[in-house]
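I opened the notebook on this model to look up its contacts, its overall build and one of its pockets. Entries follow in the order I made them.

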Amino acid sequence: MHDMQLSLDRVEIEALRAEFTDAAMMNDHRRLVALFVPDGAIRIPDADIEAVGHEQIERLAIEREQRFDVFVQNTHPGAVEIDEDGAIGRAYLCELIRLRGGASHLNYAIYHDRYRRTPDGWRFAERTYEIRYLDDSPLAGNAPDRPASTFAGQDT
């Protein structure tokens, strides 16, 4: 594979991973779903969760929004191996979660990813979430009570 194409592919895959985090944080379910191939999947074996296909992925995203009072996801780049029109990779993340019922989670995890090149660019074929550390102690802090639209450039 040509070095320039390999570099471009890496940048596009990194942008795809960043889009996922932003779409999840902003509860933009349609944008999140569009980041997957039609038969793409999200799997969270530790929680016995599997969503395959756009409809199930969107339903999972909506359910997450409805169940969580606080959700912050920070994703950090990991390895990527590209082979023509497919790739595998990892992204490392930290999540801060408070469920509407009061339970809390601080997770350090890894997304094990499979990517597929499409006519519209790189998309997720699969994201499997592996928890490496879980702290379910009650969170001491609170989220500010203000709509996201109070920030410049935001149209919610």
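I count a contact when heavy atoms lie within 4.5 Å. On that basis, residues 24 or more positions apart account for 53% of the contacts in the protein with a separation of 6 or more.

Ground rules: the model is predicted, local features need pLDDT of at least 70, side-chain atom pairs count only at pLDDT 80 or more, and totals for chains, interfaces and linings use all residues. Residues are numbered from 1 along each chain as its sequence is written, and side-chain values use heavy atoms, without hydrogens and water.

I looked up the fold next. There are 3 helices and 6 strands (DSSP runs, H or I of at least four residues and E of at least two, numbered from the N terminus). Their order from the N terminus is α-α-β-β-α-β-β-β-β.

Along its principal axes, the C-alpha trace spans about 50 × 35 × 30 Å. Of the 156 residues, 35% are buried (under 20% relative accessible area, 1.4 Å probe, protein chains only).

I then checked α1. Its buried residues are D9, I13, L16, R17, F20, T21, A23 and A24. After α1 comes N27, with a positive phi near 55 degrees.

I found 28 lining residues, with I44, I49, R64, F68 and E95 nearest the centre. α3 gives the largest share of this lining, 6 residues.

Definitions and conventions: On a 1 Å grid over the protein atoms alone, a cavity is a set of points where a 1.4 Å probe fits but cannot get out, and a pocket is an open set with protein on both sides within 12 Å along at least five of seven lines; lining residues have an atom within 4 Å of a point. Buried means under 20% relative accessible area, exposed over 50%, partly exposed in between (1.4 Å probe, protein chains only).
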